[in-house]
Amino acid sequence: MPEAGNILVGLFGTGGFARPVMPLVRPSLGADCEPVFVDRAPEVARLNGYRVMEEAAFLAAPAARYFNVAIAASGLRARIAERCLAQGLLPLHLQAPNAIVYDGNSIAEGAVLCANTMVTCNAVIGRFFHLNIFSYVEHDCVIGDFVTFAPGVRCNGNVHVGDHAFIGAGAILRDGTRERPLRIGANAVVGMGAVVTRDVPPGVTVVGNPARALVKPTGH
Ligand SMILES: CC(C)(COP(=O)(O)OP(=O)(O)OC[C@H]1O[C@@H](n2cnc3c(N)ncnc32)[C@H](O)[C@@H]1OP(=O)(O)O)[C@@H](O)C(=O)NCCC(=O)NCCS
């Protein structure tokens, strides 16, 4: 665990993901740090008992040391992360006290593992992964960078998920095999409640059971 003290930890975002992630900062780092929300244009000075700092003020603060980005939009998350890293800030791994991570996993920097989540064994997980409440990643999965799992995602064994993919609430991903993993392509979107039984090509949105590409009528 990194050293704590009189240091600022910036959690980027103030929305519906950032507020429930904020309570994970102190358990992840230690009681002495000051966690603050960071926003481009703060509308309030305090939120849920924490200071809200304007982004430029946070980046210029001598006490600013650690950060994470609690923003589901993965492109924006990536841009903020790269800006902070370029400034020399350290990404803070955030993990709820009751999140479970078993053996042989590799989880890259900047992950957020919310309450009641689980990563079982031998998964390889990329940078700035969001694992929202009640979601799991089973054995031998490979998850790319800036991937988002909404609440209640069931990602079974040997599934490969590409960079920037979004998996909606309650979706179920069928297990693959070591020789033939189930593949969700980069930038794909899996709709809430989908049951994914076949590979999803990059950039495609799928919904339903069994999941099929969402085709919108022309004119939408
Ligand atoms: C799949 C999704 C991305 C599509 O969003 P969209 O492109 O804005 O699509 P629309 O809302 O215009 O819906 C288009 C059609 O697909 C249907 N549809 C949308 N989402 C669906 C889903 N998850 N399952 C089945 N059908 C769905 C709509 O009913 C609509 O059908 P219609 O044209 O017959 O009325 C979105 O609905 C979704 O599931 N997002 C994930 C939400 C989530 O998990 N949130 C968690 C936040 S933490």
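**Exercise 1. Find which residues A70 touches, leaving out those up to four places away in sequence.**

Solution. Set aside the sequence neighbours up to four places away, and A70 touches L11, F12, G13, F17, A18, V21 and V112.

Before going on, a word on the model and its numbering. This is a predicted model, where local features need pLDDT of at least 70 and side-chain atom pairs count only at pLDDT 80 or more, while totals for chains, interfaces and linings use all residues. Residues are numbered from 1 along each chain as its sequence is written.

**Exercise 2. Work out how many residues the largest nonpolar core has, and which have the most contacts inside it.**

Solution. Start with the term: a nonpolar core is a set of buried Ala, Val, Leu, Ile, Met, Phe, Trp, Tyr and Cys residues joined through C-beta atoms within 7 Å. Buried means 20 or more other C-beta atoms within 10 Å of the residue's own; exposed means 12 or fewer, and partly exposed is in between. The largest such core has 67 residues, and V9, L11, V21, A70 and V190 have the most contacts inside it. Next, check the domains: this core draws at least three residues from each of domain 1 (8–92) and domain 2 (93–206).

**Exercise 3. Describe the side of domain 1 that touches domain 2.**

Solution. First, the bounds: the assignment gives domain 1 as 8–92 and domain 2 as 93–206, and such bounds come from an automatic or database domain assignment. Their centres, taken over C-alpha atoms, are 23 Å apart. The contact takes 15 residues from domain 1 and 15 residues from domain 2.

Now look at the elements on the domain 1 side. Helix 2 (25–29), strand 5 (64–69) and helix 4 (74–86) each give two or more residues. Helix 4 gives the most, with four residues. (Helices are DSSP runs of H or I, at least four residues; strands are runs of E, at least two; both are numbered from the N terminus.)

Finally, sort by class: this side has 11 nonpolar, three polar and one charged residues. Ala, Val, Leu, Ile, Met, Phe, Trp, Tyr, Cys and Pro count as nonpolar, Asp, Glu, Lys and Arg as charged, and the others, Gly among them, as polar.

**Exercise 4. Trace how strand 4 pairs with strand 2 and with strand 3.**

Solution. Two strands pair if DSSP finds at least two bridges between them. Strand 2 (residues 34–39) runs parallel to strand 4 (residues 50–54), with three bridges, and D39 stands opposite E54. Strand 3 (residues 46–47) runs antiparallel to strand 4, with two bridges; here R46 has R51 as its bridge partner. The hairpin of strand 3 and strand 4 has two residues between the strands, and N48 takes a positive phi near 50 degrees.

Definitions and conventions
Two residues are in contact if their C-beta atoms, placed from the backbone, lie within 7 Å.
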